[in-house]
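Here are my notes on the model, as numbered points. Please read them beside the sequence and the structure.

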Amino acid sequence: MELLQYSLRKIATGIPLVIGVTLISFLLMVYFGPDKTYELVGKNPTAEQIAEVRAELGYDQPVAVRYLDYLRELVTLDLGFSDSTGERVSAILARTIPISAAVALPGFILGNLFGVLLGLFAAFYRGVWPDKFIMAAAAIGMSISFLIVIIAFQILLSSSYGLNLFPVRGWDVHSIGDYVLYVTVPTLATVFVALGYNTRFYRSVIVEETTRDYVRTARAFGMPAGPLYYKLILKNCMIPIITRIMFSIPFVVISGSLLIESYFGIPGVGKVTYDAIVTGDQPILKAVVALTAVLLVAVQLLTDIMYRWVDPRVALK
Amino acid sequence: MTEPLLRVRDLAVEFDTEQGVVRAVDGVSFDIYPEETVGLVGESGCGKTVTGLSLLGLIPQPPGRIAGGSIEFGGRDLVQTSEDEMREIRGSDISMIFQEPMTALNPVFTIGTQMVDVLRLHKPLSAAQARREAIDMLGHVGIPAPARRIEEYPHQLSGGQRQRVMIAMALSCGPKLLVADEPTTALDVTTQAQVLEQINKLQEEFRMAVILVTHDLGVVAETCRRAMVMYCGKIVETAPIEELFARPRHPYTMGLLNSIPRIHEQRPERLPVIPGRVPDLLHLPPGCRFAARCERVLDRCRAEQPELSGRDSAAACFNPEPA
């Protein structure tokens, strides 16, 4: 009951956020975004032709009306048609989001999982060589550009200069085997890049936690290092860990996959968004922007509920 | 006389700091007999807590280390004992409770989980058996409705109750020695008295020895049979409690006792204080560490370090107050 009330209240306060995000993005898009008209009218158009296309695109309406239309589209979940292909926006998203999720999730999960494990390990050995080694490796991992990492993995694993084990580009997935084949190299690249940042973050959280009084108490009662770290300390670290993981979700799903998808030629939502930005395909952009905002609100709600779940002191009010 | 339960000899604990090596405990020797309560008294930073921690091998390492001496307990030297064996001893043979009842318990686990964990570390019990014992133990330390309380989290309990939970955890495996580090400092006076009374009662019941580490002479007077006064990493005086309060011999002990406000006496103009300040552990004088603040100081005091001459009633002083 408490949970339901809280969720409703949280969703209600999320509405202004969604409105704010969509309004700002919409204004930026209208005033600074590319104009689709001239792409569609062809060479040497007459004034009537231009006016006709603009009317078709809805550009002739006042901005306020266009924004309200946008909101109505969101509420009715009728997101319109792509200006470029004429395909339904909802159909495009339904096709591309699962692909993006399938590409991004393994790297996201493994990057955080290994980050926490390495962080625990380094925190346990803090100040001595395993810690120093991991931290140095993390610093190196953080210093290499994502692009270099992607290209290096592609050359090493997917080209005839290297092992040539995996396809370089594309997404031709019909079975688990195909999936593994196409997802491995992007995943390795993502994990490689994320691991340094994650490990450093998680290590500092865990080291901080090891100085707490309850850790000394547990040791004074003979608690071995294993359960001490994996149970007592880890559960106390869950709030910063959950925060970091949850709040990176909207970016991983929508924008984080942009580089990966364009370099690996994967037809995911990142690629679609990128193309929409370049060509000024406003219906798609509007949908993606709104989706990101809604996802952020949902993630916040879910994060708060998870806090409650790991820390009994958190009250949902 | 019976054999001592714990025999500490020349214990020295050092810490590496930015400015150099600090010897927080320097050549401390004492005996603890079974079933007695001994106070370890001194002001902040005198090494009393570090002494307590070193008995369980809990000196944070690095930057700390036991630099010398021995801690004999149950036929072995705890300084030489491996970490794995120390873990067996902690919580089962020697227990320790801490000052901060607010933070010393794990905030995200229930009282029950924490107690069951400790019990099952040291005793071959099923989860259900351990739970029953934990509830039993909570009732023992005076927690009302223990079967319900055990489901609660530390933040749902009052400070006094949390300290009682700590005590219940500490005693659950039947230790022979309890090191209580300022167990009542963070509590209000009424709760303090109740918790101390509880410790005293349980001590008789469980037949264990207690080392009460505190800066509060009142607490020592109420609960201990014997007390050791620490100053600057050394024990300066040890005596049975009546003797210590009636006839203190070391000038530092005298100073401490004089600076306690008394209700029955006429109020002096100002509360007497010990002049000067505690020397920096990095720059200790060659002689007695109290010499610079001492009213009874001799030339010898500035050159040589006085040693504690006996174990049961002695003062480390060249010019003690005559007995």
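1. In this predicted model, a polar atom of the Gln163(B) side chain lies 3.0 Å from the backbone oxygen of Phe98(B). Gln163(B) belongs to helix α6 of chain B, residues 159–171; helices here are DSSP runs of H or I with at least four residues, strands are runs of E with at least two, and both are numbered from the N terminus.

2. Is Gln163(B) buried or exposed? Gln163(B) is buried, because its relative accessible area is 0% (buried means under 20%, exposed over 50%, partly exposed in between, with a 1.4 Å probe and protein chains only). Leaving aside residues up to four places away in sequence, Gln163(B) touches Ile97(B), Phe98(B), Gln99(B), Pro101(B), Pro183(B), Leu187(B) and Val195(B); contact means heavy atoms within 4.5 Å.

3. On conventions, residues are numbered from 1 along each chain as its sequence is written, and chains are lettered from A and ligands numbered from 1 in the order in which they are written. Local features need pLDDT of at least 70, side-chain atom pairs count only at pLDDT 80 or more, totals for chains, interfaces and linings use all residues, and side-chain values use heavy atoms, with hydrogens and water left out.

4. The contact between the chains draws 18 residues from chain A and 28 residues from chain B.

5. One salt bridge is found across the interface of chain A and chain B, the term meaning a side-chain nitrogen of Lys or Arg within 4 Å of a carboxyl oxygen of Asp or Glu. Lys231(A) forms a salt bridge with Asp117(B), and their closest N and O atoms are 2.9 Å apart.

6. On the side of chain A that touches chain B, the elements giving two or more residues are α9 (213–220) and α10 (225–236) of chain A. The largest share, six residues, comes from α9(A).

7. Elsewhere in chain A, Pro106(A) lies in helix α5, residues 89–124. Apart from residues up to four places away in sequence, Pro106(A) touches Ala101(A), Tyr179(A), Val183(A) and Thr187(A). The C-alpha atoms of Pro106(A) and Leu40(A), 66 residues apart along the chain, are separated by 40 Å.

Note on methods:
A polar contact is a pair of N or O atoms within 3.5 Å; within protein, one must be able to donate a hydrogen and the other to accept it, and residues adjacent in sequence count only if both atoms are side-chain atoms.
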